[in-house]
Amino acid sequence: MSTTTHAPWPTTSTAPAAPATRRRRTSPASDLASRTAISEVEWRRPAVRRPWRAMHVVLLVLLVVAAIGPLALLLKFAVTPTQDILRTPLALFPHGVKWSNVTEAWNRVHISRYFVNSLIAAAGCWASQVLVATSAGYVLSVLRPRWAQLLNAAILCTLFVPAVVLLVPLYLVALHPPLIGVSLVNTFWGVWLPAGASAFNVVLMTRFFDNLPREIFEAARVDGAGPFRVFWSMVLPMSRPILGVVSVFAVIASWKDFLWPMLVLRNPNMQPLAVRLPSLQASTDLGVLMAAMAIAALLPVVMFLVFQRTFLSSAGMGGAVKG
Amino acid sequence: MVTDDLVVAVRPSGRRTRITTRFVTQHTRRRRHTPATWLRGGGLSALVFALPAIFVFGWFSWLPIVKSVVMSFQKTNLIVTTWVGLANFHRVLADPLLPIAIRNTLWFALLALVFGFPVPLVAAVLMSEVRRWKGLYSVLAYLPVVIPPVVAVLLWKFFYTPGPRGVFNQLLGSVHLGPVLWLQDKAIVMPALVLEATWAAAGGTIIIYLAALTSVPAELYDAAEVDGASVWGKVWHVTMPHLRGVLFVTFILQILATAQVFNEPYLFTGGGPSNRTLTVLLLIYNYAFGTSLGGRYGEATALSVMLAVVLAILSVLYFRLTRRWSTS
């Protein structure tokens with residue numbers, strides 16, 4: 001993304017127009033600052049550079065310990081015999097590596113099934129969030145009917161109601177949804193549909209669409225393109241960067257979610273990995289449980305390492321608009 | 001004859017100028033509203049595009065909001081529903097567990113501020129001066145944020161194993177301290193939970209600060225240098241005042257987050273030992289879904305509504321400030 005991260009919307013009008021070609025930047029933060037508190041002249045002075053360098057090294061060591069440490073231990077536990085995990089958690093494989101932890105978790109504890117459940121939940125949450133956010137953003141920003149203001153206000157209102165406060169009424173709605181008649185409990189719809197109701201996504205989309213050049217839509221309309229054609233062939237391709245942000249966060253949020261899927265998906269065979277792990281805790285061998293936990297952590301960590309620029313630039317935006 | 005005429009209307013909206021184009025007919029200066037003009041003007045397709053949002057928000061956002069207010073005055077066992085007036089509120093306020101839960105939540109929030117406020121700030125200020133491998137610092141800082149909370153809590157629960165062989169107790173033992181009972185010790189259990197929560201959330205705060213640090217105008221630093229300011233002088237007198245808005249935002253975000261904390265107390269301790277980690281949200285959960293009490297939906301929503309009012313006030317405050325901050 002070529003947008004500055006301190007603003008909640010793209011501030012340059014060129015940003016959405018040529019998103020795919022802007023791939024030259026290497027780090028998400030360094031390109032933004034024109035300068036920081038220490039000037040280049042000062043940095044060349046050893047009296048300034050040396051203490052700051054030292055602090056940076058200390059910080060790097062602390063960050064490695066805090067970020068990599070627990071993850072590395074988790075990966076080590078995943079292939080360590082349970083007795084070794086319990087007796088000497090910090091020793092490096094005193095009685096050898098036990099790869100069977102992983103296969104046992106995957107096959108015998110049915111982690112494979114829960115992993116697939118997590119994938120199904122994440123895919124559906126992604127689809128419903130992208131569908132709702134793009135279509136609502138299109139209505140609010142491009143089509144702009146007379147009632148758009150009303151819809152916008154009604155959606156913005158929900159930003160002020162913390163999701164967690166609605167836990168109980170939302171559960172009762174999922175149990176007996178009015179007009180639908182079919183209970184959403186123990187169906188994936190119960191996870192997918194509420195995930196779509198994200199005002200944060202709609203705000204993000206609307207603000208992005210607001211910055212798309214309006215003349216192009218007008219030209220397309222004059223040429224006879226209907227609203228659906230404009231949406232599908234022009235707005236969606238242009239909004240690829242913001243779709244990336246919404247997608248990445250939708251998948252990660254769904255993967256991390258615990259309380260809501262635990263309430264809605266009561267059937268253990270349907271539960272995602274995150275919901276299942278605490279219940280496995282009591283009945284599973286510790287080494288196997290650690291392997292299962294490592295499997296659960298794998299996908300988000302890999303996704304983060306692959307899409308780190310998207311993650312980091314939109315995490316900065318989170319400070320400006322967030323429910 | 002009806003000729004379509006392109007009229008470009010410029011109207012200021014917010015800080016930017018929006019250009020709206022609209023087809024108007026020359027014949028009728030004022031547009032008449034008949035179903036036919038509505039249909040031809042794209043009214044139907046706008047409605048079609050709005051349907052997913054209306055459905056999803058209607059069922060899973062607006063309806064639960066209304067329902068939560070209505071239900072807080074009702075008693076229900078899912079089959080029979082009766083109006084009980086303020087009885088739910090009376091019963092919740094009379095519950096001896098409520099003051100404990102409020103105290104624990106405030107204690108959690110205070111500890112979260114003590115742990116989670118200065119550390120990301122110092123880290124972000126240091127990181128903004130990094131000349132090489134800046135991306136590596138950010139990636140490392142944010143890595144714990146993406147780990148699923150359930151995995152993080154279960155892993156830390158193992159780290160907190162009470163005996164001398166627990167991971168943290170071994171580390172303390174190497175400097176001749178401990179062993180500590182961590183999750184069983186009434187005084188230590190809450191700081192232990194907050195430590196994990198801070199570890200899991202600090203990266204997000206650091207990235208927010210880093211983004212804000214890039215928005216400090218270069219001229220301010222240049223001017224400070226002309227005035228002979230030292231590096232620390234610039235950090236203290238230029239950077240910090242500029243971060244004030246963001247600091248307030250993260251402050252409120254953190255309070256909002258801690259008021260809704262569920263995973264840590266639920267998975268680490270289940271509220272124990274002797275209710276020392278029973279938070280407000282855990283109490284709501286126990287009212288509605290807890291096995292011992294169970295199904296007290298009325299009380300659960302009454303407490304939710306009270307929590308919502310407090311949090312909504314904070315959210316409004318937050319939203320106003322972010323508006324001002326992001327446009328400044």
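User: At what angle do the axes of H9 and H11 of chain B cross?

Analyst: Bear in mind that this is a predicted model. The axes of helix H9 (residues 189-213) and helix H11 (residues 231-259) of chain B cross at roughly 140° and come within 10 Å. That makes H9(B) oblique to H11(B), since over 145 would be needed for roughly antiparallel.

User: And is the crossing left-handed or right-handed?

Analyst: H9(B) passes H11(B) in a right-handed crossing.

User: Which residues in H9(B) and H11(B) meet there?

Analyst: From H9(B) you have B:Thr205, B:Ile208, B:Tyr209, B:Ala212 and B:Leu213, and they meet B:Thr239, B:Leu243, B:Val246 and B:Thr250 in H11(B). By class, this contact has 6 nonpolar and 3 polar residues, with no charged ones.

User: What meets what between H14(A) and H7(B)?

Analyst: A:Ala274, A:Leu277, A:Pro278 and A:Gln281 are the H14(A) residues, and they meet B:Val150, B:Val151 and B:Leu154 in H7(B).

User: Zooming out, how many residues of chain B are in contact with chain A?

Analyst: 92 residues of chain B are in contact with 97 residues of chain A. H2(B) gives the largest share of chain B's side, 19 residues. The chain B side divides into 63 nonpolar, 22 polar and 7 charged residues.

User: How is chain B divided into domains?

Analyst: Domain 1 of chain B covers 47-83 and domain 2 covers 87-327. Their C-alpha centres lie 31 Å apart. The contact takes 9 residues from domain 1 of chain B and 8 residues from domain 2 of chain B.

User: Which elements supply the domain 1 side?

Analyst: Helix H2 (43-71) and strand S3 (74-76) of chain B each supply at least two residues of the side of domain 1 that touches domain 2. The residues on that side of domain 1 of chain B are 3 nonpolar, 5 polar and 1 charged.

User: What does A:Leu265 touch?

Analyst: Not counting residues up to four places away in sequence, A:Leu265 touches A:Asn186, A:Val191, A:Met270, A:Gln271 and A:Val275. As for A:Val251, it and A:Leu265 are 14 residues apart in sequence and 18 Å apart in space, C-alpha to C-alpha.

User: And where does A:Trp43 lie?

Analyst: A:Trp43 lies in helix H1 (residues 40-44) of chain A. A:Trp43 has 16 other C-beta atoms within 10 Å, so A:Trp43 is partly exposed.

User: Which residues does A:Trp43 touch?

Analyst: Leaving out residues up to four places away in sequence, A:Trp43 touches A:Ile38, A:Val48, A:Arg49 and B:Arg131. A:Trp43 and A:Met238 are 195 residues apart in sequence and 41 Å apart in space, C-alpha to C-alpha.

Definitions and conventions:
Residues numbered from 1 in each chain as written. Chains lettered and ligands numbered in written order. Predicted model: local features only at pLDDT ≥ 70, side-chain atom pairs only at ≥ 80, totals over all residues. Axes fitted to C-alpha atoms, helices over the stretch in contact; angles between N-to-C directions. Helix = DSSP H or I, 4+ residues; strand = E, 2+ residues; numbered from the N terminus. Parallel < 35°, antiparallel > 145°, perpendicular 65-115°, else oblique. Left-handed = near helix turned anticlockwise from the far one by under 90°. Contact = placed C-beta atoms within 7 Å. Nonpolar A, V, L, I, M, F, W, Y, C, P; charged D, E, K, R; others polar. Domains from an automatic or database assignment. Buried ≥ 20, exposed ≤ 12 C-beta atoms within 10 Å, placed from the backbone.
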